[in-house]
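Please look at the sequence and the 3D structure side by side before you read on. The briefing below then takes you through several parts of the fold, topic by topic.

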Amino acid sequence: MPTAQLPPVLKASVHDVRYLAGLLRGVNFVNKATVTVTDTGITITVEEARSLLATAFIFADIFDEFVYNAEKPSLENSSQASDSEDAEQENAAFEIPLGTLIECLNIFGTAGASASSSSSRARRWKRDDDDRGSENEDDNDGRRLGPNRGGDAGNTSIEQYFASGSEKRTGMRMSYAGSGYPLMLIIAEEADGPTTACEITTFDPEPHLELPFNANETELKIILKSSWLRDALSELDPSFEKLTFIGNPPPESAAATGAQTSARRKSAARSGALQPPMLRIQAVGGFGSIEMDYPNDREVLETFECAQRVCFSYRAVHVTRALRALQNSTKTSLRIDSSGLMSLQFLMPSPVPRSRPGTKSGTEAFIDFKILPLDDDL
Amino acid sequence: MRFRTTISNVPTFFRIIQAIEKLQRKFVMKFTETELHIICNHEANEGGIQVWSQIKVDSLFTAYRIQSNANNEISLALSSEALLLALKSATASAEAGAAGDVDEVVLKLAKKNGHAVLSFEIAGATRMGKSVRVAHDVRIDVMKPTDVALLREPMCPEPDIHILLPPLQKLRTIVDRMRPMSDILAVRANNSGRLTLSINTDSVKIDTEWRNCTNPKMSSFALYFVVFHGELTSLSAREGSQEEPDEPPDPEKMFTVLVSIRSFLKFLNSHVVSTTTIACVCQHHCMILYVYIGDVADAGGVLTFYIPAIIDDGDH
């Protein structure tokens, strides 16, 4: 059969699955997930209640090996050129039970929850672009951080040396032959230990919700340390039904850019009682309500852009779905557009510095949540 | 009927009962002059798992005295949980006595308020050095010899394959992950040291494979004790090289048995006692697991688990 001789659509391997498993766990709240494979990596998309869409972007460079061969839709030679063009455009997509995939990766119990390293090196969230499409931006960012990262690499490699002595790692090799074929995994813990072969049935992908974020009408844009958001969300009791995010323009926003920070702080303190908080999270449930205010402090809200008062409500369960992704993330970008669509992006730092001297450093993996607001009339 | 002994190896006894307690609430202990038999053969057990074990009296007890009309054997039915709790207090006092006090756990058969009990007398010392005596009674039912005679080990054909299992703790991690995905586990082994554990469902197929396991060379259960008293060193030295002329012609042939994954996990609870475990596969019939207690050098006994096969018409 000629089709059997085609190279597999995806071949990837990684020597330590913990980081990958951590990324997958971040979106593991619905079992059916759509995996899309492209030249640059893979994305995992899940959707809940037609109002929450979560996507994990995993770039090819976190894998030790990543080979993607576009699947030819058919062998008919009607018009070669356009066909091959189409094939380039087209990405391989399939649906898999995500929970099963994670269980398989953790079969030796060594893809545990401590996926990200404790060394949370400060990383600048790249300037928040509408989409992750602008490659140049990434490259600039990477180069700018280059020497700094080099220093870090020295530190972490020592750390890594100690870690490898005490902890076992699970290596994984993944292949996907094409639509209709199962996703094959080969997992091994150590060279002479047992190996596990898994075949996970794949399904044809079903169309997902389209939730385009209207970047031109961004009403609120915040970048903050993930732990600040995680602490707030983990405080919430499951009985809360509705979460409201309220943003207010920063006090004397015009002067703030030019003025000294100390002066600004003083004035903020003076007028503190009068000024509405810049970011307030309000939770309402059957047993009561709770309000959490974020202070106007660069330490907390690294970036804050808001032109006018913003107030949108979301289902609390949808927002708290992000907690697992927040667990391993360092920075969060929170944006709300004029229709109330909230976009949360979590930067997931890789535990091992991937930028070796001489090689181009890649983009950080991240997880993206898009949540539709509740209708205010209901 | 008289029975009195000192428990010299409380931790091992505790761990054995720990493994039993997960399996069955009420079980049978049969004391003979030389051995303690532990029997769990309740019909209602998950997947029909049974335990028939023999432990040498010397490996657990000292100053062992037993006397009865039934050929100096005493059989008791008792609650595994109650026994475990009594042994737990005995272990705790053994820890407290680590300061150097000799302490003693005496086990005897007694009758209190018209009920037969196993009475634990635990002598220990507090941290302050004061001596403490704790008595712990476990209510038991003494079994009639006629009832004891009805207890029969399951009949099994000659196993197709014997294989030494990897550390049970590792197996347990893997089987724990598989459990939510499937109810049935396929165990396969061959005579060249290969062992696989697999599940196969509509959504996932997982095979975990070990190579270089040891196939102990013997054909009957009686020989196992011989192995563990003298031959084991040569056994492990033989690992990997399988020149055995008397073995079946095809050492690559895999023998398969399907078992309930929950039963298998219950057996894996015995990882607390195990040092060495031999698995036997009787293809399409059952699986027998010999869990050796304590150090191999002084193999004090063996816990034998029987897990019946699940006959499945599927494509396993």
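This is a predicted model: local features need pLDDT of at least 70, side-chain atom pairs count only at pLDDT 80 or more; totals for chains, interfaces and linings use all residues.

Residues are numbered from 1 along each chain as its sequence is written, chains are lettered from A and ligands numbered from 1 in the order in which they are written, and side-chain values use heavy atoms, with hydrogens and water left out.

**The sheet of chain A**

- In chain A, 9 strands make up an open sheet with antiparallel pairing, in the order E6-E2-E3-E4-E18-E17-E16-E10-E14; strands (E, at least two residues) and helices (H or I, at least four residues) are DSSP runs, numbered from the N terminus, and two strands pair if DSSP finds at least two bridges between them.
- Strands of a sheet pair through backbone hydrogen bonds, in either a parallel or an antiparallel way.
- The edges are taken by strand E6 (92-97) and strand E14 (301-306) of chain A, each with a single partner strand, so one side of each has no neighbour in the sheet.
- On average, neighbouring strands of this sheet are turned by 15 degrees against each other, direction ignored; axes are lines fitted to C-alpha atoms, for helices over the stretch in contact, and angles run from 0 to 180 degrees between N-to-C directions.
- Strand E2 (residues 32-38) of chain A is joined to E6(A) by 6 bridges, and the two run antiparallel; here Val37(A) stands opposite Ala92(A) in E6(A).

- On one pairing, E16(A) and E17(A) run antiparallel and are joined by 6 bridges, with Thr332(A) opposite Phe346(A); in their hairpin, which has 4 residues between the strands, Gly340(A) takes a positive phi near 95 degrees.
- E17(A) also pairs with strand E18 (residues 365-371) of chain A, in the antiparallel sense over 7 bridges, and Ser343(A) stands opposite Lys370(A) there.

**Helices across the strands**

- Helix H4 (residues 98-105) of chain A lies across E2, strand E3 (41-48) and E6 of chain A, at about 80 degrees to E6(A), with contact meaning heavy atoms within 4.5 Å.
- Because 7 of the 8 residues of H4(A) are buried, this helix is largely enclosed by the rest of the structure; among them are Leu98(A), Leu101(A) and Cys104(A).
- Helix H7 (residues 226-234) of chain A lies across strand E10 (218-225), strand E16 (331-337) and strand E17 (342-348) of chain A, and runs at about 100 degrees to E10(A).

**Cysteines**

- The structure holds 0 disulfides over all chains, a disulfide being a pair of cysteine sulfur atoms within 2.5 Å.
- Cys311(A) is in no disulfide, and the nearest cysteine sulfur, that of Cys306(A), is 11 Å away; at 33% relative accessibility, Cys311(A) counts as partly exposed.
- Cys213(B) is likewise in no disulfide, with the nearest cysteine sulfur, that of Cys280(B), 14 Å away, and Cys213(B) is buried, with a relative accessible area of 7%.

**A cavity**

- Among the residues that line the second largest cavity are Leu20(A), Ile44(A), Phe94(A) and Leu101(A); on a 1 Å grid over the protein atoms alone, a cavity is a set of points where a 1.4 Å probe fits but cannot get out, and lining residues have an atom within 4 Å of a point.

Notes. Buried means under 20% relative accessible area, exposed over 50%, partly exposed in between (1.4 Å probe, protein chains only). On a 1 Å grid over the protein atoms alone, a cavity is a set of points where a 1.4 Å probe fits but cannot get out, and a pocket is an open set with protein on both sides within 12 Å along at least five of seven lines; lining residues have an atom within 4 Å of a point.
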